[in-house]
Each structure stands twice: as structure tokens, then as C-alpha cells.
Amino acid sequence: MIPNLPTDNLYKFMSLSGIVIIIFSIYFCEIKVREVSQNNIEFLKKQDNLNNKIARFNDKLGTISVLFETYQKDNIQKKDTSIFLSNLETRISSLSNLRDGINTDYISQKAYHQRLNLLQEESKIITYFSYLFIALGFVLTSTGFLLWYKKVQKPLDKILANDLAKSEFEKAKLDKEIAASKSE
């Protein structure tokens, strides 16, 4: 923390307030953008996982199709039919479980996507207001420093220049008096 903030007049206070507004606006905007970015990365990871499950589902479905076509081509005898049906039933059950998992993940992913869209809209609004507050902070800071310079610092500089001129005049006068007293 800054130990001694120069708040001895309104203009310095305006300037410092503007700087604080700028810093906090940038900070909050950055936090929101980072949050959206992290959620977007998480969404893409879940989307990849869902796509992998769909690919496995399609592979298993293709395997069942090939198995069924082979059964039809070879016209397997009745005793082999029960083995085939048992194998087919196991594969269909596995396919059904995978389908249920895909449906659950899809619903979850859809809800997550809606939440991500809301978060992105919120981020746009916060970014807009951050820019607005940054501009406000800049105007406040600029106005404060300008008024401080014109109304406080310039008159102080004149006073200091007058005091310096007065001191130099007094020193010159004193030097003359000393020189005059030495010559006597």
C-alpha cells in the first residue's frame, strides 16, 4: 500500500481516483476474459470426449452390421444361430449403454454450451463497461492533473520564483552592505 497518498487537494484526488478506476477496470475485464477462456477450453475438451464416444459408437455399430451381413451371407445353421444371437445381443447391449452415455453427455454439453454463451455475453458487457470506465478514468486523471497544474502548481511556481528573486535581491543588498562596511 502507498503510505502517503497526495490527497491534499481535490485535483490530485481526481487524478488518483482516475488512475484507480483505470486499474480496476482493466483488472475486472482481464478476470472475466480469463474465466471465459478457461470455460471455453473445458467445453472443447468435453466436446472432444463426446466426439470420441460417438466415433466408438459408430465403430461398434459398423461391427454389428458386418456381423449381421456375415450371418446372412453364410446362412449359418440353426445350432450356430443361438451363438450368433447371444453375441449379437451382447454387442447391442454394449451399444445401448454407450448410446445412453452419449445422450447424457450430449445433454450436459448442450447445457454447458448455453452457460458458456451466457458467460460470453456477460463478458462482452463487462468489457464494454470496462472500456467506458477506462475512458472515464482517463478523463478524470487528465482533468485532475491539468487543473492541478494550472490552478495549484503554476501559482506555486510563481510564488517560488518571486521568493527566489526576493532572496537574491536581499542577498545582493546584504553583499553590498558587507562590501561597504569592509571599505570603511
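Is Leu132 buried, partly exposed or exposed? At 43% relative accessibility, Leu132 counts as partly exposed. On this scale, buried means under 20% relative accessible area, exposed means over 50%, and partly exposed is in between, using a 1.4 Å probe and protein chains only.

Before going on, here's how to read the numbers. This is a predicted model, where local features need pLDDT of at least 70 and side-chain atom pairs count only at pLDDT 80 or more, while totals for chains, interfaces and linings use all residues. Residues are numbered from 1 along each chain as its sequence is written, and side-chain values use heavy atoms, leaving out hydrogens and water.

Now zoom out. The protein has two helices and zero strands; helices (H or I, at least four residues) and strands (E, at least two) are DSSP runs, numbered from the N terminus. Its radius of gyration is 40 Å, well over the 16 Å that the globule rule gives for 184 residues, so the protein is more spread out than a compact globule. That radius is taken over C-alpha atoms, and the rule is 2.2 Å times the number of residues to the power 0.38. Along the principal axes, the C-alpha atoms fill a box of roughly 145 × 30 × 25 Å. Buried residues make up 20% of the 184.

Back to Leu132, which sits in helix α2 (residues 78-183). Together with Ile125, Tyr128, Phe129, Phe133 and Leu136, Leu132 makes a nonpolar surface patch of about 590 Å². Patch residues have over 30% relative accessible area and no salt bridge, with like charges joined within 9 Å and nonpolar side chains (Val, Leu, Ile, Met, Phe, Trp, Tyr) within 5 Å. A salt bridge, in turn, is a side-chain nitrogen of Lys or Arg within 4 Å of a carboxyl oxygen of Asp or Glu. The areas come from the Shrake-Rupley method with a 1.4 Å probe, and for residues only the protein chains shown count as cover.

Next, the aromatic rings. The whole structure holds four aromatic pairs. One of them joins Tyr27 and Phe28, edge-to-face, at 5.5 Å centre to centre with 65° between the planes. Rings of Phe, Tyr and Trp (its six-membered ring) pair if their centres lie within 6.5 Å; planes under 30 degrees apart count as stacked, over 60 as edge-to-face and the rest as tilted. Tyr128 and Phe129, from the patch, have ring centres 5.4 Å apart and planes at 75°, so this pair is edge-to-face. Tyr128 is exposed at 52%, whereas Phe129 is partly exposed at 40%.
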